Amino acid sequence: MTHPTMSLEEIQREMASAVMTPLTADDEMRKESRNGRPMDHVAASFIAPNSRLTSFERLEIYNRQYWYRVLNALGEDFPALRTVIGSRAFDAMSVAYIDAHPNRSFTLRNLGSRLPEFLVANPHFAGRRADLAVDVARIEWAFVEAFDSAEREPLTLEQIATLEGDSHLALQPHLQLVEVEYPVDDLVLKLHKGEERQTTEAGIKHDEDENAPAKLPVLRRKPTWLAAHRVDYSVFYLRLKRGEFHTLRAIRAGQPLAEAIEAGVTTARVPAARRPQLVRQWFTTWAELGWICAPDLDKLVRTA
Amino acid sequence: MKNQLNAMLLTAALSGLIGGTTVAHAAAASSSKTTVKAAKAGLQYVNADKPAKHSCKGKNDCKGQGGCKSSDNGCKAKNSCKGKGGCATDGSKMPKAI
């Protein structure tokens, strides 16, 4: 029976809370709500039964569909992570993650945006591969961002002619800079490409138990710097040198051009005499790829 | 000395920007645009011929085509409400509020 004093907003909140409550291990709706109320009472407070289904059963349909959809959406964006930690752990992690960070966006595209940081805070989901899993999640999320983030007009020759050491620049929004502890970029690519062929071809073997983590090639810890970006509607990634990564990151952080260059070259571990040549190479490549833009004036105005 | 080095680095950066931008413009004007850029772009992850499934995330133009999350197979064979009147997808009218 509908509660006589519930407003529309209260009904919406009650339903959202019920629908977003994780399912049981048997994919059924829980018998109790988060605040301990019997779920059949919750359901009956805003859903009438019909001739075939009780209020509980009708609400359960929405509860199930919500979870099937969001879990499927998350899994679609992190296939390599699933392989690395195993389906069983991935499913448990997904439920915990979505429960902690339900989608607040109009699009499921943003659902996984906080997964890397969630894994850092909850390493037990990945067991002994916790650090590796965080790296894989970071790269997979970078691919999502690179795929459909905005593209702006690169710097023009006229704009370059006005630049000085204290000028501020910006990077293409779709350019994603990723720093990882393991060189997992090739592994992630192999796992993604391997979706269409036997994974053993990619050097990755699954245990007999498909839910278990896959057997992976031995990876030694080695700091790795990556850029994921888009060219003509295709996503690419390439490894960066430490110095160019830090220069690009400083540009993105809003440091003036001269300071950004210094932030990078001081970490580049090359003799001072070679630095100008190195910097020239970096900026040539970045300009060819269209990575460098004028500052986002709208953003400056908004944050002022 | 440090100022001199910094000036050299800045000059190097600006000449790199000019050189790279000139190359990009020249490539854009020719038919080799994609080839030139892609050669430096690194390894390809998703190409335009095979868009990622989430290319239609948040859009409704793929509805019913099975290509995105708002209509994909996440609920395949699990749609327990089908034909039972439990949800609005079967065309049934909403029950009257009591």
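**Note on the predicted model of chains A and B**

1. Strands S3 and S4 of chain A run antiparallel and are joined by seven bridges. The model is a predicted one. Within this pair, Leu226(A) has Arg239(A) in S4(A) as its bridge partner. Two residues lie between the strands of the hairpin, and Asp232(A) there takes a positive phi near 50 degrees. Strand S4, residues 234–240 of chain A, has five of its seven residues buried, so the rest of the structure largely encloses it.

2. S3(A), residues 224–231, also pairs with S2(A): five bridges join the two, and they run antiparallel. Thr224(A) in S3(A) stands opposite Val180(A).

3. Chain A is divided into domain 1, residues 1–75, and domain 2, which is made of 151–184 + 219–304. Taken over C-alpha atoms, the centres of domain 1 and domain 2 of chain A are separated by 48 Å.

4. The largest nonpolar core has 87 residues, and the members that touch the most others are Ala133(A), Val136(A) and Ala13(B). Helix H7 of chain A, residues 130–148, gives the most to this core, with twelve residues. Both domain 1 and domain 2 of chain A give residues to the core, so the core lies between them. Leaving aside neighbours within four places in sequence, Ala133(A) is in contact with Leu81(A), Val84(A), Ile85(A), Leu119(A) and Ala126(A).

5. Asp77(A) lies in helix H3 of chain A. Is Asp77(A) buried or exposed? Asp77(A) has 24 C-beta neighbours inside 10 Å; the cut-off for a buried residue is 20 or more, so Asp77(A) counts as buried. In sequence Asp77(A) and Trp141(A) are 64 residues apart, but in space their C-alpha atoms are 7.4 Å apart.

6. Helix H5 of chain A covers residues 87–100, 14 residues in all, and at 1.5 Å a residue should span 20 Å; its end C-alpha atoms are 20 Å apart, which agrees. The buried residues of H5(A) are Ala89(A), Phe90(A), Met93(A), Ser94(A), Tyr97(A) and Ile98(A). They cover an arc of only 150 degrees around the axis, so they sit on the same side of H5(A). What covers these buried residues includes three helices of chain A: H3 (55–77), H4 (79–85) and H6 (115–121).

7. How many residues of H12(A) are buried? Eleven of the 14 are, and H12(A) is mostly covered. Among them are Arg275(A), Arg280(A) and Glu288(A), as well as Trp282(A), Phe283(A) and Trp286(A). Gly290(A), which follows H12(A), has a positive phi near 75 degrees.

8. Some backbone angles in the loops of chain A deserve a look. Most residues other than glycine have a negative phi. Asp27(A), in the loop between helix H1 (8–19) and helix H2 (39–44) of chain A, has a positive phi near 60 degrees. Because Asp27(A) has 13 C-beta neighbours inside 10 Å, Asp27(A) counts as partly exposed. Arg269(A), in the loop between helix H11 (257–265) and H12 of chain A, has a positive phi near 55 degrees. With 9 other C-beta atoms within 10 Å, Arg269(A) is exposed.

9. Chain B contains two helices and one strand. Along the sequence of chain B the pattern is α-α-β. Chain B has 98 residues, of which 20% count as buried.

Notes:
Residues numbered from 1 in each chain as written. Chains lettered and ligands numbered in written order. Predicted model: local features only at pLDDT ≥ 70, side-chain atom pairs only at ≥ 80, totals over all residues. Domains from an automatic or database assignment. Buried ≥ 20, exposed ≤ 12 C-beta atoms within 10 Å, placed from the backbone. Helix = DSSP H or I, 4+ residues; strand = E, 2+ residues; numbered from the N terminus. Pairing = 2+ DSSP bridges. Expected span 1.5 Å × (residues − 1). Arc of directions from axis to C-beta. Contact = placed C-beta atoms within 7 Å. Core = buried A, V, L, I, M, F, W, Y, C linked by C-beta atoms within 7 Å.
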